[in-house]
Amino acid sequence: MQPQSSLSDPEALLVADTSTAINLHASGSSREILRAIPNRVVVAEIILVELEAGKRRGCRDADHLKELINDGFVAVITIGDVGAQHFEELVIGPATETLDDGEAATIAVAIEHHGIALIDERKAHRICSTRYPDLRTGCTVDIFAHPEVLWALGEQQLASSVLSALMEARMHVLPHHADWVVKLVGADNAAHCNSLPKAVRQGSTHTTVC
Amino acid sequence: MSALDSIPPADVGERLRIARDNADITQKDAADRINIARTTLVAIEQGQRRIRIDELQELAKLYGTSVNALLRREAVHVDLAPRFRKLPDAVDAAADKAVDIMSRLARAEVELENLLGIKRVHNDPPERPILRGDVRAQAEHNALELRERLGLGNAPIGDIVTLLELEMGVRVYVRRLDSRISGLFAYDDELGPCILLNANHPRERRTQSAAHECGHFVSTRRLPEVLHTDDMSHSREERYADAFGRAFLTPPRAVMQKFQEITAGADRLTRRHVIVLAHVFGVSREAMVRRLEELGLVKKGTWDWFQANGSITDQHSRQVLGDLSTPDAQKADADRPTTLRLNLLAAEAYRRELFSEGQLARLLAIDRIELREIMDGLEMEGSEADAAPVFPE
């Protein structure tokens with residue numbers, strides 16, 4: 001059973017956050033996945049800077065993203081004037097109502113280009129839903145759950161890719177995707193994925209907290 | 001009014017100046033990065049010219065931070081690194097790195113505490129500036145005065161890190177540092193007293209470094225300090241801190257009493273005596289013997305005699321103490337990307353959606369996957385689902 005996808009508009013620009021870049025790298029199938037997705041995928045410039053900082057601590061996510069950019073799977077986008085205003089509002093203010101630069105830039109670019117912001121965490125989703133109710137948002141799992149990705153990879157490779165993202169990158173899974181993820185990777189594998197909510201790992205189908 | 005315009009330009013300028021100083025970047029280099037004259041950057045830092053958001057982004061990148069970390073309302077901005085750089089004995093790269101670790105941990109802890117509404121207990125002992133005259137006598141007196149204030153009497157100090165944290169409100173961090181660095185001390189109005197100790201050193205040595213830094217806290221708290229292992233400084237401040245540390249950990253009366261108990265009936269000092277005494281007071285075997293020499297309980301040169309005659313080894317110590325040797329928990333904690341307490345604060349801030357993953361990763365200076373490992377390890381998402389016991393009202 002495929003979950004309701006927020007990526008049903010093939011024309012929409014997908015703006016990936018740092019988290020999505022990390023999760024796709026960990027999946028080991030980023031090229032096949034991005035080739036299968038009909039949408040154009042972009043990242044804000046600052047995402048590369050963030051990943052470069054991780055490189056000093058031994059992460060190779062920045063190199064991988066650069067390869068995807070060089071090979072045309074992902075494009076880098078600069079924030080324009082409209083996006084800059086949103087970016088400013090998202091990074092300046094009280095901690096509870098702001099985000100770090102990469103997360104804010106992702107949302108600002110998505111607003112500016114009427115795209116879909118791919119973000120994986122609750123605070124960013126909460127801020128989007130209250131401040132930008134018209135903005136379309138998704139997450140990394142939406143990419144994995146895209147029908148074209150299933151068609152291109154087949155169920156076995158898709159399951160293995162999602163499992164890698166869960167195990168290697170400890171990918172976050174939003175509550176409405178939990179059942180699909182467990183079914184895909186199998187309950188036995190899911191039990192070893194610490195980034196899944198405990199209730200999900202223990203085999204419950206009812207999750208309360210992401 | 002834009003979000004940036006809502007912050008007084010002087011505040012923006014001051015935060016930028018501190019960030020630039022911490023990153024050790026000149027005004028000229030910063031100005032060149034955003035294609036403005038150095039005098040314009042000076043005007044921005046002095047609050048006489050507003051900065052644009054695109055300029056801010058560029059400077060944040062250059063300073064290794066983010067606009068959010070610079071201008072988040074609750075962000076803590078302190079300039080510890082420049083203060084250390086002004087030390088007369090020019091801080092080296094290893095010390096610079098240690099200063100960065102301590103600043104980062106303390107800033108993150110304070111911001112998270114403030115956001116979570118945690119009030120830290122301030123219990124600074126009275127400052128005792130070093131006066132003219134015998135430095136050692138002053139240090140001994142002040143150390144015993146502090147012991148009395150803390151209600152320690154003559155009891156050995158089992159865990160100086162916890163004592164400093166709980167009884168004196170010091171932020172103590174134990175992290176793996178270059179082996180040449182023993183400890184760091186700094187005092188800041190916003191952070192309070194902070195001490196960083198080297199996890200690569202044996203526990204007893206760390207204890208002595210902590211007591212030494214405590215001496216600086218009592219005598220010269222406004223001066224930051226780096227304690228090097230090969231410190232040959234004979235300044236009054238260093239001699240004071242050394243003597244303070246010895247008196248604080250091994251007070252004369254207590255040492256004399258324990259010495260009498262442990263050597264009862266013996267006519268010479270054995271390795272076993274030294275090992276047991278050092279264990280009781282939690283100091284190194286060398287520090288123990290030298291203290292016995294200082295107090296006239298053994299002849300001068302006793303430690304040198306042991307050294308020349310097979311020394312007193314860790315193996316000897318294990319044979320004597322057996323199960324009494326306990327694992328070094330602080331060393332294990334130092335292998336984590338951040339401290340256990342910071343992890344708990346960060347997890348709570350994340351659970352309450354006060355901070356995003358990106359904000360926390362930057363605040364703790366770790367990558368996203370390390371942060372996720374910490375969060376997963378704390379099983380934060382399970383606490384509600386498991387109906388964990390709630391605190392009483």
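This is a predicted model: local features need pLDDT of at least 70, side-chain atom pairs count only at pLDDT 80 or more; totals for chains, interfaces and linings use all residues.
Figure 1. The strands concerned are S1, residues 14-16, and S2, residues 41-44, both of chain A; 2 bridges pair them in the parallel sense. They belong to an open sheet of 5 strands in chain A, with parallel pairing and the order S3-S2-S1-S4-S5. Strand S3 (75-77) and strand S5 (136-138) of chain A form the edges, each pairing on one side only. From one strand to the next, the twist averages 35°.

Figure 2. Chain B has an open sheet of 4 strands in the order S1-S3-S2-S4, and its pairing is mixed. At the edges are strand S1 (171-175) and strand S4 (225-228) of chain B, each of which pairs on one side only. Neighbouring strands here are turned against each other by 10° on average, direction ignored. S1(B) runs parallel to strand S3 (residues 192-198) of chain B, and 5 bridges join the two. Within this pair of strands, B:Val172 stands opposite B:Ile195 of S3(B). Helix H7 (residues 93-116) of chain B packs on the sheet and touches S1, strand S2 (181-188), S3 and S4 of chain B. The direction of this helix makes about 130° with that of S1(B).

**Figure 3. The contact between chain B and chain A.** On the chain B side 43 residues are in contact with 42 residues of chain A. The area buried between the two chains is about 3,600 Å², and carbon and sulfur atoms give 52% of this area. Between chain B and chain A there are 26 residue pairs in polar contact, with both residues at pLDDT 80 or more. Six helices of chain B each supply at least two residues of the side that touches chain A: H4 (53-62), H5 (67-71), H18 (340-351), H19 (357-364), H20 (368-377) and H21 (382-385). H20(B) gives the most to this side, with 6 residues. Sorted by class, the side of chain B that touches chain A has 16 nonpolar, 8 polar and 19 charged residues.

**Figure 4. Salt bridges between the chains.** Side chains of opposite charge can pair when their charged atoms come close. Over all chains the count is 52 salt bridges, and between chain B and chain A it is 6. One of these pairs is A:Arg126 with B:Glu353, whose closest N and O atoms are 3.2 Å apart.

**Figure 5. Two residues with positive phi in loops of chain B.** Most residues other than glycine have a negative phi. B:Asp24, which is not a glycine, has a positive phi near 60°. This residue is found in the loop between helix H1 (9-23) and helix H2 (27-33) of chain B. B:Asn35, also not a glycine, has a positive phi of about 55°. The loop that holds B:Asn35 runs between H2 and helix H3 (38-45) of chain B.

Notes: Residues are numbered from 1 along each chain as its sequence is written. Chains are lettered from A and ligands numbered from 1 in the order in which they are written. Side-chain values use heavy atoms; hydrogens and water are left out. Two strands pair if DSSP finds at least two bridges between them. Axes are lines fitted to C-alpha atoms, for helices over the stretch in contact, and angles run from 0 to 180 degrees between N-to-C directions. Contact means heavy atoms within 4.5 Å. Buried area is the accessible area (1.4 Å probe) that two parts lose on being put together, summed over both. A salt bridge is a side-chain nitrogen of Lys or Arg within 4 Å of a carboxyl oxygen of Asp or Glu. A polar contact is a pair of N or O atoms within 3.5 Å; within protein, one must be able to donate a hydrogen and the other to accept it, and residues adjacent in sequence count only if both atoms are side-chain atoms. Ala, Val, Leu, Ile, Met, Phe, Trp, Tyr, Cys and Pro count as nonpolar, Asp, Glu, Lys and Arg as charged, and the others, Gly among them, as polar.
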